[in-house]
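Student: I've just opened this one and I'm new to it. Could you walk me through how to read it?

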Amino acid sequence: MHEKKSDTGSLLESKESEICINNILRSMVGALIVIDQNGIMRTVNHMTLALLGYERDELIGKSIEMILAQKQPSRVPGVPDLIDTGFVRNLELNYLSKDGSEIPVLFSGSVMRDKDGTVQGMVCIAQDITDRKIAEEALATEKELLSVTLRSIGDGVITTD
């Protein structure tokens, strides 16, 4: 009877863990993708679907390269770090949406290993940085305009704070 009770307990823990994980995935504000060791997407959260415009069944079972604007991951900056350390943080990459538009994201990834250290896949988290990129471009334009204006003025200019 004691053995049966522990089986029920582990089943309950497993179900509770699944509920907990699903709640975490639903509450995330970033796009989360879990890929296997071959780069095949196994899990995506709702933010990934909203960001990219796909339905879940259009992504699950497909290669991560389907959504990468950079088609050769080995040439993506930071991949050597990922291979060496098992994680990479804050890479600026572009994802491809279903309509073909590029979406700039701040990407972080962590390798998943089994108890023997064998790579099983990777957890990828990305935050849409489109608004930040637009603001950076506007700031660069304003800076250039100011620079051109100051160079064209014949008189001296003094600035103070």
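**Reading the fold**

Tutor: Starting at the N terminus, the elements of the protein follow the order α-β-β-α-α-α-β-β-β-α. That comes to 5 helices and 5 strands, where helices (H or I, at least four residues) and strands (E, at least two) are DSSP runs numbered from the N terminus. This is a predicted model, so local features need pLDDT of at least 70 and side-chain atom pairs count only at pLDDT 80 or more, while totals for chains, interfaces and linings use all residues. Residues are numbered from 1 along each chain as its sequence is written, and side-chain values use heavy atoms, with hydrogens and water left out.

Student: Which strand does β4 pair with in the antiparallel sense over 8 bridges?

Tutor: Two strands pair if DSSP finds at least two bridges between them. Here the partner is β3 (residues 87-96), and β4 itself covers residues 102-113. Along that pairing, glutamate 92 stands opposite leucine 106 in β4. The hairpin of β3 and β4 has 5 residues between the strands, and glycine 100 takes a positive phi near 90° there.

Student: And what about β4 and β5?

Tutor: β4 also pairs with β5 (residues 119-128) in the antiparallel sense, over 9 bridges. Look for arginine 113, whose bridge partner in β5 is valine 119. This hairpin has 5 residues between its strands too, and glycine 117 in the turn has a positive phi of about 90°.

Student: How should I read a positive phi?

Tutor: Most residues other than glycine have a negative phi. In this model, asparagine 90 has a positive phi, near 55°, without being a glycine. You'll find asparagine 90 in strand β3.

Student: Is asparagine 90 buried or exposed?

Tutor: Buried means under 20% relative accessible area, exposed over 50%, and partly exposed in between (1.4 Å probe, protein chains only). Asparagine 90 counts as exposed because its relative accessibility is 52%.
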